[in-house]
Amino acid sequence: MTALVRAEWLKLRTTAAPWVLAGLAAVVTALLVVVIFRTQGGTVAPSSGNGPPTFVGSGVPQTAQQLRNLAASCYECDLFALLIGVVCVTADFRHKTVTAAFLASPRRWRLIGAKLLTAALVGAALAVALLAGTLLGGGLALDAEGGSFAALARQVPAVAPGVVLVFALFAVLGVGVGSLLTNQVAAIIVSLGWFLVLEGILIALVHGAARWVPSGAAEAAADVTRGQGHLYGLFTWWQGALLLLLYGAVFAAAGSAVVARRDVT
Amino acid sequence: MNPAIEVRSLAKHFGHVRAVDDLSFDVAEGRVTGFLGPNGSGKTTTLRMLLGLVAPSSGSATFGGVPYRDLDRPLCHVGAVLEATSFHPTRRAADHLRSVAIAARLPASRVRAVLELVGLSDVARRRVGTFSLGMRQRLELATAVLGDPRVLILDEPANGLDPQGIQWLRTFIRYQASLGRAILVSSHLLSEMEETVDDVVIVSEGRLVLQTTLADLASTAGGAPGMRVRTPELARLSAVLAGYGVAARQVGVDEVVVDGATPEWLGPVLAQAQIVVYELTRQQNRLEEVFLGLTHVPPSVHGATSPSPSPSPSPSPGLTS
Ligand SMILES: Nc1ncnc2c1ncn2[C@@H]1O[C@H](COP(=O)(O)OP(=O)(O)O)[C@@H](O)[C@H]1O
Ligand SMILES: [Mg+2]
């Protein structure tokens, strides 16, 4: 299994798609950092008397929640981890390299297992890289504008495990989706369509759907609000993580079953 | 000696298409076996079933008694070349080989060795998308021999190669056989493989037609000589020959083959009947014709390059020698 994971890792890193996806994730994260920096500065003082709430303090993130939001801003990029998982499977089918992969590993579930493991590790690594980049970039910006690098750094341990877990599980989910829909273009369109459009519509239409959809489960699992998720209709972090794991397991199992039966002609 | 590959009652149906039907044959160690049949006769499907890529509808295919998917370290037992395009175009050739070597737990030195063997060492760092068809085919062969396998399976490896490429391939295959490997190589052209194979397995429409040695097939082919005649008087020629109880087989607009006839016999016959002859040549039944005959190509197709309404009485089956 280790050998297959190493081979899959080599295959991933010797093509452009995963690097492009990781690069896009970095760009989006940078944009999110800027947005949070600009919109979540200062603190809100409770309104005195009948007046509106007032902002106090300097215009940079400084409360624990603001700093956690900043530290975890990359969490919105979990979709890129999912797409890396999708590519990990579909690239093999698209370029027919799956023939070579099955010849080396004729017990196909082992190959899918290796892909699940590889994708999970790559997803986790992407999360770590984005978190580190955010800490460095956001921290330096904070320092420059009168905030505190150290204060941001103190919030990282609070959000990092959740974000890393979510990225790993999304990559696993991606491998499952890619195994079910081995056509690369179809798998990517379906993934984007679901996470960017359909999920939002579903949440708007069906009361209480927010906690059940993969993004809701991910949001709960990442637990950026430190236990306040229920205010947004979410599960607790471990329930969210479990649900996300369940999604990953169901899709991976269904995908492996499909791939294992398929004639490769 | 146990056969290297045993195929037993193998069958595959794609919906209503019987791609492979009750096929059984053996491949011997240390020999090159040509797996021959026209396009669509089920060769690729058979080879993919051998390798566990396609699930058989029934029957079995084993290597020394073991199905491919139960082989311990399969790439060290069987190497295969299936298609000329199964590479990621932006991956470098060396990285492709390394990924396979790592998956098969082979040392990195094997990658260098096979690159050397197929003469791709100098372009190993190039992306496979920039490779010519011939270079890709050599990379496929390099991948197949990475694990130093005892059995090689090659599906139409000569397809799309230029004459030098085919020559190189023949040398490569003969060299692999000289190492004692069993080689099963498919082709829709016997002529392509004539100089390379020891044994032949001939299939047509998914069924076995014949398994024999090339030597035996060649002696069958050599045993039926005849004369080829080009004449504007096909009808009269047929009538004259019918008088001797001999049939003429039409092969072109103005051409017939008189099976079994010798020049010493046919010359005087034509002179006596005063038939105009444009051309009179010895007709050696070539291997390719035997092959075409065996794979159920109807006789009319022989003249398919220049079809014409038959002016002569329809030719009866040729005289056998
Ligand atoms: N995946 C498939 N689905 C349906 N029919 C197929 C499939 N693969 C092959 N066939 C059919 O099976 C027959 C044998 O094909 P193939 O094994 O490719 O023959 P060959 O390699 O001898 O040219 C053909 O009629 C082909 O159309
Ligand atoms: Mg074929």
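1. Let's start with the polar contacts of the ligand. In this predicted model, the side chain of Thr44(B) places an N or O atom 2.7 Å from an oxygen atom of ligand 1. Lys43(B) also takes part through its side chain, with a polar atom 2.8 Å from an oxygen atom of the ligand. Ser41(B) uses its backbone instead: an N or O atom there lies 3.1 Å from a ligand oxygen atom. On its own, ligand 1 has 560 Å² of accessible area, and the protein covers 64% of this.

2. Which residues surround ligand 1? From chain B they are Phe14(B), Val17(B), Ala19(B), Pro38(B), Asn39(B), Gly40(B), Ser41(B), Gly42(B), Lys43(B), Thr44(B) and Thr45(B), and Thr265(A) is part of the shell too. Because residues from chains A and B surround the ligand, the site is shared between chains. If you plan to look at the site in a viewer, please keep both chains loaded.

3. What is the make-up of this shell by class? Seven of its residues are polar, four are nonpolar and one is charged.

4. Now for the elements behind the shell. H1(B) gives the most, with three residues.

5. S2(B) also belongs to a sheet. In chain B, three strands in the order S2-S1-S4 make an open, antiparallel sheet. Its edge strands are S2 and strand S4 (58–63), each of which pairs on one side only. On average, neighbouring strands here are turned by 20° against each other, with direction ignored.

6. A closer look at one pair in that sheet: strand S1 (residues 5–14) of chain B and S2(B) are joined in the antiparallel sense by seven bridges. Within this pairing, Lys12(B) has Val20(B) in S2(B) as its bridge partner. Where does H1(B) pack? The helix lies on the sheet and touches S1, S2 and S4 of chain B, and the direction of H1(B) makes about 120° with that of S1(B).

7. Four strands form an open sheet with antiparallel pairing, in the order S11-S12-S10-S13. Why is one side of S13 left without a neighbour in the sheet? Strand S11 (249–252) and S13 of chain B stand at the edges with a single partner strand each, so each has one side without a neighbour in the sheet.

8. Finally, the pairings around S10(B). Strand S10 (residues 226–230) of chain B pairs with strand S12 (residues 255–259) of chain B over five antiparallel bridges, and Met227(B) stands opposite Val258(B) in S12(B). S10(B) also pairs with strand S13 (residues 279–283) of chain B, again antiparallel and over five bridges. In S13(B), Thr281(B) is the bridge partner of Arg228(B), while Glu279(B) is that of Arg230(B).

How values were computed: Residues are numbered from 1 along each chain as its sequence is written. Chains are lettered from A and ligands numbered from 1 in the order in which they are written. This is a predicted model: local features need pLDDT of at least 70, side-chain atom pairs count only at pLDDT 80 or more; totals for chains, interfaces and linings use all residues. Side-chain values use heavy atoms; hydrogens and water are left out. A residue is near a molecule or strand if one of its heavy atoms lies within 4 Å of it. A polar contact is a pair of N or O atoms within 3.5 Å; within protein, one must be able to donate a hydrogen and the other to accept it, and residues adjacent in sequence count only if both atoms are side-chain atoms. Accessible areas come from the Shrake-Rupley method with a 1.4 Å probe; for residues, only the protein chains shown count as cover. Helices (H or I, at least four residues) and strands (E, at least two) are DSSP runs, numbered from the N terminus. Ala, Val, Leu, Ile, Met, Phe, Trp, Tyr, Cys and Pro count as nonpolar, Asp, Glu, Lys and Arg as charged, and the others, Gly among them, as polar. Two strands pair if DSSP finds at least two bridges between them. Axes are lines fitted to C-alpha atoms, for helices over the stretch in contact, and angles run from 0 to 180 degrees between N-to-C directions. Contact means heavy atoms within 4.5 Å.
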